[in-house]
Amino acid sequence: MAYNLNVNGRSMTVESDGDTPLLWALRDILGFKGTKFGCGVGLCGCCTVHIDGVATRACQTPIDSVGTSEIATIEGLATSDPGRRIQKAWLDFEVVQCGYCQPGQLMSAAALLTETPDPTDEDIDAAMSGNLCRCGTYNRIRDAIKYAAHLDATMENAQ
């Protein structure tokens, strides 16, 4: 069956079974390789994307449940103000080690800043608790989110 998806502001058609996880439609059919496969059961957060601005596990989201919702992947993160600020903060704090979990971490952090512009440590812990990092960069992630919360939205160096 054909499904029309709105990914990063573009309308795209996917031929697939309705129970196909959104992750596979994004990666294998549409070529958005930034969204990662991790555990496959929604526990590690590597596959986090935004659906209508909400951090969502793409590995647990059947394609037929998406409808006309707006899907944002890591490739589209820089189109939002929180996305640009969180990317700059990640670079400034050198958060990344191996990098595998980082697309999901960034997507969860951007969703947090959209919903809670000035998060507390508890807000950050709650929002990021579903994103696992085998390198243990949690302290740098928390520091980067706090920094991003106070960055000027018009910063020159943001991509």
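**Close-up views of a predicted model**

**View 1. A nonpolar patch on the surface around W24.** W24, F37 and Y100 together form a nonpolar surface patch with about 250 Å² of accessible area. Patches are built from residues with over 30% relative accessible area and no salt bridge, like charges being joined within 9 Å and nonpolar side chains (Val, Leu, Ile, Met, Phe, Trp, Tyr) within 5 Å; a salt bridge is a side-chain nitrogen of Lys or Arg within 4 Å of a carboxyl oxygen of Asp or Glu. Accessible areas come from the Shrake-Rupley method with a 1.4 Å probe, and for residues only the protein chains shown count as cover. This is a predicted model, in which local features need pLDDT of at least 70 and side-chain atom pairs count only at pLDDT 80 or more, whereas totals for chains, interfaces and linings use all residues. Residues are numbered from 1 along each chain as its sequence is written, and side-chain values use heavy atoms, with hydrogens and water left out. W24 belongs to helix α1, residues 22-29; helices (H or I, at least four residues) and strands (E, at least two) are DSSP runs numbered from the N terminus.

View 2. Five strands form an open sheet of mixed pairing, in the order β2-β1-β5-β3-β4, where two strands pair if DSSP finds at least two bridges between them. The edge strands, each pairing on one side only, are β2 (10-15) and β4 (54-57). From one strand to the next the twist averages 40°, with axes fitted as lines to C-alpha atoms, for helices over the stretch in contact, and angles running from 0 to 180 degrees between N-to-C directions.

**View 3. Strand β1 and its two partners.** Strand β1, residues 2-7, pairs with β2 in the antiparallel sense over 6 bridges, and N4 has T13 in β2 as its bridge partner. The two strands form a hairpin with 2 residues between them, and N8 in the turn has a positive phi of about 50°. With β5, by contrast, β1 pairs in the parallel sense over 2 bridges, and N6 stands opposite E70. In a regular strand the side chains alternate between the two faces of the sheet. In β1, the covered face carries Y3, L5 and V7, while A2, N4 and N6 lie on the uncovered one.

**View 4. Strand β3 between β4 and β5.** Strand β3 pairs in the antiparallel sense with β4 over 4 bridges and with β5 over 2 bridges. H50 has a bridge partner in each of these strands, A55 in β4 and A72 in β5. In the hairpin of β3 and β4, which has 2 residues between the strands, D52 takes a positive phi near 50°. Helix α3 (residues 102-115) lies across β3 (48-51), β4 and β5 (70-72), and runs at about 35° to β3.

View 5. V49 counts as buried because its relative accessibility is 0%. Leaving aside neighbours within four places in sequence, V49 is in contact (heavy atoms within 4.5 Å) with residues including L22, L26, A55, A72 and M107.

Notes:
Buried < 20%, exposed > 50% of the residue type's maximum accessible area, 1.4 Å probe, protein only.
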